[in-house]
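These are my notebook entries on a structure that was new to me. I set down what I looked up, entry by entry.

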Amino acid sequence: MRMLAFEVLRAVDERDAYANLVLPPLLRKAREKEGFEARDAALATELVYGTLRRQGTYDAIIAACVDRPLREVDPPVLDVLSLGAHQLLGTRIPPHAAVSATVELARAVLGEGRAKFVNAVLRKITRQDLDAWLAEVAPPYEKDAEDHLAVMHSHPRWVVSALWDALGGGRAGIEALLAADNERPEVTLVARPGRIGVEELAGAAETEPGRWSPYALRLAEGGEPGAIESVRDGRAGVQDEGSQLVAIALANVPLEGPDTRWLDGCAGPGGKAALLGALAAGRGAALLASEKQPHRARLVERALAGNPGPYQVIAADGTRPPWREGSFDRVLVDVPCSGLGALRRRPEARWRRRPEDLDGFGPLQRGLLTEALKAVRVGGVVGYATCSPHLAETRVVVDDVLKKHGGGELVDARPYFPGVDALGDGPDVQLWPHLHGTDAMYLALIRRTA
């Protein structure tokens with residue numbers, strides 16, 4: 001279990017891999033060849049994700065236990081130390097067992113000499129529990145609020161600042177949001193309308209109803225989506241409720257005139273396109289799903305296969321589109337972004353992203369929204385979506401495009417999230433993990449006026 005977790009952490013560090021892509025095939029291999037049981041897989045998963053989520057906190061604690069700057073500790077050694085720290089401070093594994101097993105791992109992957117170093121550091125960590133360590137290594141809130149929150153909740157300082165700006169309010173809200181980012185998210189299924197009903201999907205697995213989406217079901221803890229036939233054949237899928245709500249909201253905005261041509265302009269990997277395609281089919285509309293990267297376009301084709309209505313998937317650049325201006329009645333652009341709204345699912349992203357990354361995303365986001373507004377007919381609606389609450393990727397982009405190009409007006413999106421509370425002042429909608437139990441999805445609805 002610990003060796004498998006170490007392999008995942010090394011892949012994340014060395015190859016910029018994502019744990020949610022690396023871990024599942026390793027677990028399957030371990031089940032087939034090593035007889036891994038469900039509890040073994042659960043522990044390996046907890047070790048990987050718990051260590052990645054709390055990396056910033058553990059780095060601060062480890063730094064207090066070593067006699068050199070942390071940057072001088074070899075990355076593989078630091079990964080082993082972080083795994084040990086998580087077992088000691090973030091799980092119920094007895095301290096002696098956590099130290100012993102981690103030192104054995106160190107001997108196997110680092111050698112005897114560095115295993116002794118690991119042993120010494122871990123024994124220092126056992127001196128006190130997590131709360132006591134946090135009291136020692138986190139600066140006082142009154143002295144430096146952002147740095148305090150960064151250490152306490154294991155987020156880079158710049159991410160804390162950006163999330164706080166987007167959220168607004170005082171200390172309680174930002175602490176609740178950061179804490180929610182460190183919780184393991186539920187697995188949410190979507191029953192694609194016209195292909196499978198919610199009741200039928202519910203009968204195929206142990207589930208609970210979704211909180212907001214009429215097509216959502218929450219899978220019981222430990223449930224395996226890949227074991228459900230309707231997920232395997234595409235009638236249902238795995239999709240966060242925030243993503244479902246964005247697609248549903250765009251589909252439900254009233255239009256005057258024709259409503260037969262829909263576009264998903266950034267369709268990869270296909271989750272929203274599959275739901276949009278199903279909703280379009282129920283209205284007698286056709287969906288064009290466009291994705292720039294050919295390999296992602298193939299994922300979209302797979303997600304849409306079997307859709308009950310007409311659709312087409314193409315590989316095209318949404319900033320230089322092949323379609324004519326005014327070709328569509330509804331357009332969704334779920335633009336590439338920093339992903340700060342999905343830190344629950346991809347905890348490594350918080351350590352991988354840098355503030356300067358936003359400089360690269362901004363022009364692309366503006367270009368995609370500009371072309372989306374050209375693609376929709378007068379009277380049609382564009383949905384601009386991101387899985388980031390960062391203001392530079394949400395309201396700033398929308399305001400800039402509308403000021404520069406004109407011809408569009410914001411539609412109040414809140415009525416198209418029925419039953420969802422805490423949606424703010426509008427007209428756009430920002431969902432939050434701590435308030436809605438979803439990823440931090442953003443949606444602005446814009447009607448083309450000229």
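I began with Trp 323, which counts as buried at 15% relative accessibility; buried means under 20% relative accessible area, exposed over 50% and partly exposed in between, with a 1.4 Å probe and protein chains only. I noted that the model is predicted, that local features need pLDDT of at least 70 and side-chain atom pairs pLDDT 80 or more, while totals for chains, interfaces and linings use all residues. Residues are numbered from 1 along each chain as its sequence is written, and side-chain values use heavy atoms, without hydrogens and water.

I then searched the whole structure for aromatic pairs and found 2. Rings of Phe, Tyr and Trp (its six-membered ring) pair if their centres lie within 6.5 Å; planes under 30 degrees apart count as stacked, over 60 as edge-to-face and the rest as tilted. Trp 323 and Phe 328 form an edge-to-face pair, at 5.9 Å centre to centre and 85 degrees between the planes. Phe 328 is buried, with a relative accessible area of 7%.

Helices (H or I, at least four residues) and strands (E, at least two) are DSSP runs, numbered from the N terminus. Tyr 384 is buried at 0% relative accessible area, and Tyr 442 is buried at 2%.

**Entry 3, strand β8.** I asked how many residues of β8 (residues 328–334) are buried. The count is 7 of its 7 residues. Strand β5 (residues 261–264) pairs with β8 in the parallel sense over 3 bridges, where two strands pair if DSSP finds at least two bridges between them. Leu 263 has Val 331 in β8 as its bridge partner. The parallel pairing of β8 with β9 runs over 6 bridges, and Asp 334 stands opposite Ala 385 in β9.

**Entry 4, an open sheet.** I traced an open sheet of 4 strands in the order β2-β3-β1-β4, with antiparallel pairing. Strands β2 (207–209) and β4 (236–238) stand at the edges with a single partner strand each, so one side of each has no neighbour in the sheet. Strand β1 (residues 188–191) and β4 pair in the antiparallel sense over 3 bridges. Val 190 has Gly 237 in β4 as its bridge partner.

I counted 0 disulfides, a disulfide being a pair of cysteine sulfur atoms within 2.5 Å. The sulfur of Cys 266 is 10 Å from the closest cysteine sulfur, in Cys 337, which is too far for a bond. Cys 337 is in no disulfide either, and its nearest cysteine sulfur, that of Cys 387, is 5.8 Å away. Cys 266 is buried, with a relative accessible area of 13%, and Cys 337 counts as buried at 13% relative accessibility.

A charge sits over a ring if NZ of Lys or CZ of Arg is within 6 Å of the ring centre and within 35 degrees of the ring normal. I recorded the charged end of Arg 68 over the ring of Phe 117, 4.8 Å from its centre. The charged end of Arg 346 sits over the ring of Tyr 18, 4.2 Å from its centre.
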